[in-house]
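This briefing reviews the structure shown below, moving from one residue's surroundings to the chains and their interface.

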Amino acid sequence: MNAPTGLDFAAVSERVQTEVQRAIQRSIKGVEYFSTSGPTLGSTAKDVLASRGTMNLYHYRPLTDEIYRVPILIVMATTNRGYILDMVPGQSFIEFLLKRGYDVYMLDWSAPKPEEKSLRMEDYVLDFIPDSVRRVQEDSGIDDVTVIGYCFGGVLSLLYGSIFHDGPMKNLICFTTPIDFREMKLFSNFSDRRYFDVDRLVDSVGNMPPELILQSFEMLRPASRSVSQIQLWENIWNDEFVKSYRMFDRWATDTLPLAGEYFRTITKDLMWDNKLFNDAMTVGGRPAQLDKIKVPILHAVAEHDHIVPYDAAKHLIQKIGSTDKEEVILKGGHVSLVAGPNAVRRLWPKLDSWLGGRSI
Amino acid sequence: MADKSNDPVAIWQNMIGEMEKGFNSFANQAMSSPEFSKMMNQAGGAAAGAQKQLGELMEKYLVSMNLPSRSQMVGMAERLQSIEGQLNEIKAMLTQMSKASGVPAGNAFGTPMPPRTRRPPSEGEPK
């Protein structure tokens, strides 16, 4: 009897054999999964330069014999932990920068305590960032500092850069940074001022609970968590897949609470009034206008970003006052732009080639 | 290897991918309506209030059982963090003092720093 057209019995038999082996591996590895912890994250050697309430400033130990003159200060998003940029050796943005000869500092956040519910936007933009920049200058002995902001860390860096436009920021790099908050359509709808009583919420809970923040992120793609669990089960025989899944899952669920007053300002000034986009933003009474920023700027955005859609980020370069400015649109999503195999191939080398010449 | 169009595993994976896209897109459309926002915020407001009350009740229960609550554990972790922070400040001050007294240069922790003389590699040079 002839085989039906296109059906190769040898290949089918090989496929069946592979699937049987994988099914056995799944049972073994499935037990292992629940009895072991994930890989250690954020393990690149660092010193804590300052720690004050929610603010932590780290200095990573150099890995080369010679470093660029200008140090880098990374400003992390206030909703998530900084170890997304320092996952495991070989998949760490920090390690990459160190190996390419940069001197790296990171402003990372711990969960604000209940008594820190009164922290305002002013505390972040006019205190924590300038204080960290001053400490980087003191520690490195260099006046110039390159600032890199990820997601909302990018928004804070823009606010800082537009208020302190006379220096000492030498270069600015933003990753997936929204400025037109109307275009974050779902978040905009979730926080519709007709129905979302931010005052009542903040007054009753103090700090915004991390569960609510995580829920709002997950609602953007409600089916994705279940699908990722199906994919985990399918690939549980694959150690590399499991390691990567655990790293990203742990980070994604390790969401931080947001200080109440700070959240109130984000909702009213950015989500409701879109003040940064409308050139009407002020922080502590000081105007923060993007056209005041004149330093070289690189903005990296992701093609398939479901958290910060391109429409919310695309006007940044146009509104910035710099003449040396560039936007790069790379394949990937909000997280895979900065971490994981996609970032290793795309964003990191691009950033190195852009920044090297501007760091001397 | 079997043709992808005949491979049941590939068909299954493709189907799951398509279902995910379809469901996410359908849910996103539903969530963009003002009605959804109204309903979500009514439910969310009540849930946040209930969560707070439950937390307070649980805290009282743990105190009566002579057990530390989550907030007390977090408080302890934060105190440790603040002690670590103060130790770091002291270390940094000591290094500054030793710098002032002529000890060779390094960063705030006394780690010797490499010279800041690096330049970007020229075309073709290994990085």
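In this predicted model, A:Thr176 is in contact with A:Cys151, A:Val301, A:Ala302, A:Asp305, A:Val308, A:Ala313, A:His334 and A:Leu337, leaving aside its neighbours within four places in sequence. The points below begin with that residue and then turn to chain A as a whole, one of its helices, chain B and the interface.

**Surroundings of A:Thr176**

- A:Thr176 lies in the loop between strand 6 (169-175) and helix 5 of chain A.
- Because 28 C-beta neighbours fall inside 10 Å, A:Thr176 counts as buried; the cut-off for that class is 20 or more.
- A:His334, one of the contacts of A:Thr176, is 158 residues away from A:Thr176 in sequence, yet the C-alpha to C-alpha distance is 6.8 Å.

**Overall form of chain A**

- Chain A contains 14 helices and 10 strands.
- Its radius of gyration is 22 Å, close to the 21 Å that the globule rule gives for 360 residues, so chain A is as compact as a globular protein of that length.
- The C-alpha trace of chain A spans about 85 × 55 × 40 Å along its principal axes.
- Of the 360 residues of chain A, 44% count as buried.
- Among contacts in chain A with a separation of 6 or more, 81% join residues 24 or more positions apart.

**Nonpolar core**

- In soluble globular proteins, nonpolar side chains tend to be buried together.
- The largest nonpolar core here has 105 residues, and those with the most contacts inside it are A:Leu73, A:Ile74, A:Val104, A:Leu107, A:Leu159 and A:Val338.
- Beyond its neighbours within four places in sequence, A:Leu107 is in contact with A:Met55, A:Leu57, A:Leu73, A:Ile74, A:Val75, A:Met76, A:Phe128, A:Ile129 and A:Ser132.

**Helix 6 of chain A**

- The buried residues in helix 6 of chain A include A:Val198, A:Leu201, A:Val202 and A:Val205.
- Viewed down the axis of helix 6 of chain A, its buried residues fall within an arc of 90 degrees, so they line one face of the helix.
- An α-helix has 3.6 residues a turn, so residues three or four places apart point the same way.
- A:Asp199, A:Arg200 and A:Asp203 are exposed on the other side of helix 6 of chain A.
- Just after helix 6 of chain A, A:Gly206 adopts a positive phi of about 80 degrees.

**Chain B**

- Chain B has three helices and zero strands, with its elements running α-α-α from the N terminus on.
- Of the 127 residues of chain B, 5% count as buried.
- Chain B is divided into domain 1 (8-66) and domain 2 (67-97).
- Contact between these domains takes four residues from domain 1 of chain B and four residues from domain 2 of chain B.
- On the side of domain 1 of chain B that touches domain 2 of chain B, two residues are nonpolar, one is polar and one is charged.

**Interface between the chains**

- The interface brings 50 residues of chain A into contact with 42 residues of chain B.
- On the side of chain A that touches chain B, at least two residues each come from helix 1 (9-35), strand 1 (46-52), helix 5 (185-190), helix 6 (198-205), helix 7 (210-219) and helix 8 (224-234) of chain A.
- Strand 1 of chain A gives the most to that side, with five residues.
- By class, the side of chain A that touches chain B has 22 nonpolar, 11 polar and 17 charged residues.

Notes. Residues numbered from 1 in each chain as written. Chains lettered and ligands numbered in written order. Predicted model: local features only at pLDDT ≥ 70, side-chain atom pairs only at ≥ 80, totals over all residues. Contact = placed C-beta atoms within 7 Å. Helix = DSSP H or I, 4+ residues; strand = E, 2+ residues; numbered from the N terminus. Nonpolar A, V, L, I, M, F, W, Y, C, P; charged D, E, K, R; others polar. Domains from an automatic or database assignment. Buried ≥ 20, exposed ≤ 12 C-beta atoms within 10 Å, placed from the backbone. Arc of directions from axis to C-beta. Rg over C-alpha atoms; globule rule 2.2 N^0.38 Å. Core = buried A, V, L, I, M, F, W, Y, C linked by C-beta atoms within 7 Å.
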